[in-house]
Amino acid sequence: MRNPFQTPFAAVFTNEVLLNTKRVAPYALMILFCANAILWWGRGPAVGLGWATNSEYYIQRNMGGFSFILGLPIFTGIMMGDIVLRDFRLGVDPLIFSKPVSRASYLLGKFLGAFFVLVCCQSVFAITLFLLQWVPFSGMVVLPVRVIPYFKHFFMIVVLSHLALAAIYFAAATLTRSAKVVYGLAACFYPGYIAYQLLWLKDAPKIFNILFDPLGFNVGEGGLMKNPWVLTADAINKTVVSYSLDQYANRASNIILSGLLLFIVYWRFRIDPQERSSEHFTMLTLSEAPRAIAYSAPSYD
C-alpha cells in the first residue's frame, strides 16, 4: 500500500506550507488577528451590557464580525492570489513538471496547502478568545470554560465562508495568470458584496439566499447573527446557538462551489506558459560574395 505522505500531492502540499512559513504575511496576519481578539474581548459590548464573553451567542457574534468586518475577505485574496503564479514567475515550473506530478496533484496541493496556512492564521483569533477565558477582568461576566462552541462557530462561519472565497481568488489568478485580477477582486469585494446583497439577494427567492450567499448572513432566522438588542443579558448568556437546515445547506453549497471551481481550474489549466502574440520577422538570405578574379595588366615593354 502506498504511503499517503509520500505522494506527489503530499509533496506539493508540504512544499506550499513550508514556503509560506518563510513569508512575512502569515505572521503579520497572526499578530493582527490576535490583537483584534484582545481588543474585542476587552473593549467590546459584552462588558457594558453584561454579556458573557464566552457565551455561545457572543462567540458566534465575534466569529461573524471577524469573518467580514476586519477585512478578512481581502486578506484571503492576498494569501490565495499568487500561489501558482509564483512558480511561473520564478521559472521553477519546468522543474516541477519534469517530475511525476499530475495537474490534479499540483493544483489541489497548492490550493489546500495555501488554504491550510490561511486557516492557521485565522485560528489565532479563535484560539486567543479561547485562552482569554482564564484571564480575570473586572466587571466581565464569564461562564464555565467551554471548548466546542469556539471550534464549531469558527469552522461554520469563518472556514467554510472563506473556502468559497479562496476558491474564487485561486481560480481567477490561475486561469488569468494575473495577480492584478485577484487584487482587483479583493479591493472590490466590499462594495460588490454590499451591492449584491441590497440590489438582488435581499429580495431574491429564499432558495437563492440559501445557495448564493457565500457568507450566509441572510440564511436562517436572522442569518448567522441574530439581533441581540431585544434580549436581556441573561437570555443571551443562556442561549444555545444551533444551525438550521437552511444554514447547513448554505455551508454545503460553499463546499460544492469550491469543488466546481477547482474542477474548472483543473480542466482549463495549462502547464505551458500563456501564448504570446507572435512577432513578424523578415528573413534575410545571405549569399556568398563572388570570389575576386585575378587580373594582370598587360606589359608594354
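Does isoleucine 78 count as buried, partly exposed or exposed? Isoleucine 78 has 35% relative accessibility, so it counts as partly exposed, since that class lies between under 20% for buried and over 50% for exposed. The model is predicted.

**Isoleucine 78**
- Isoleucine 78 belongs to helix 5.
- Apart from neighbours within four places in sequence, isoleucine 78 makes contact with Arg23 and Tyr183.
- The C-alpha atoms of isoleucine 78 and alanine 179 are 9.3 Å apart, while 101 residues separate the two in sequence.

**Helix 1 and its cover**
- Helix 1 takes in residues 8–21, and its 14 residues should span 20 Å at 1.5 Å a residue; the end C-alpha atoms are 20 Å apart, which agrees.
- Pro8, Ala10, Val12, Glu16, Val17 and Asn20 are the buried residues of helix 1.
- The cover over these buried residues includes helix 2 (25–43), helix 5 (72–80), helix 6 (85–90) and helix 8 (103–131).

**Nonpolar surface patch**
- A nonpolar patch on the surface is formed by Ile194, Leu198, Leu199, Trp200, Ile207, Leu211 and Phe212, which together have about 720 Å² of accessible area.
- At least two residues of the patch come from each of helix 11 (189–201) and helix 12 (206–211).
- With four residues, helix 11 gives the most to the patch.
- Leucine 198 lies in helix 11, and it counts as exposed because its relative accessibility is 53%.

Methods. Residues numbered from 1 in each chain as written. Predicted model: local features only at pLDDT ≥ 70, side-chain atom pairs only at ≥ 80, totals over all residues. Heavy atoms only, no water. Patch = residues over 30% accessible without salt bridge, like charges linked within 9 Å, V, L, I, M, F, W, Y side chains within 5 Å. Areas by Shrake-Rupley, 256 points an atom, 1.4 Å probe, with all protein chains shown as cover. Salt bridge = Lys/Arg side-chain N within 4 Å of Asp/Glu carboxyl O. Buried < 20%, exposed > 50% of the residue type's maximum accessible area, 1.4 Å probe, protein only. Expected span 1.5 Å × (residues − 1). Contact = heavy atoms within 4.5 Å.
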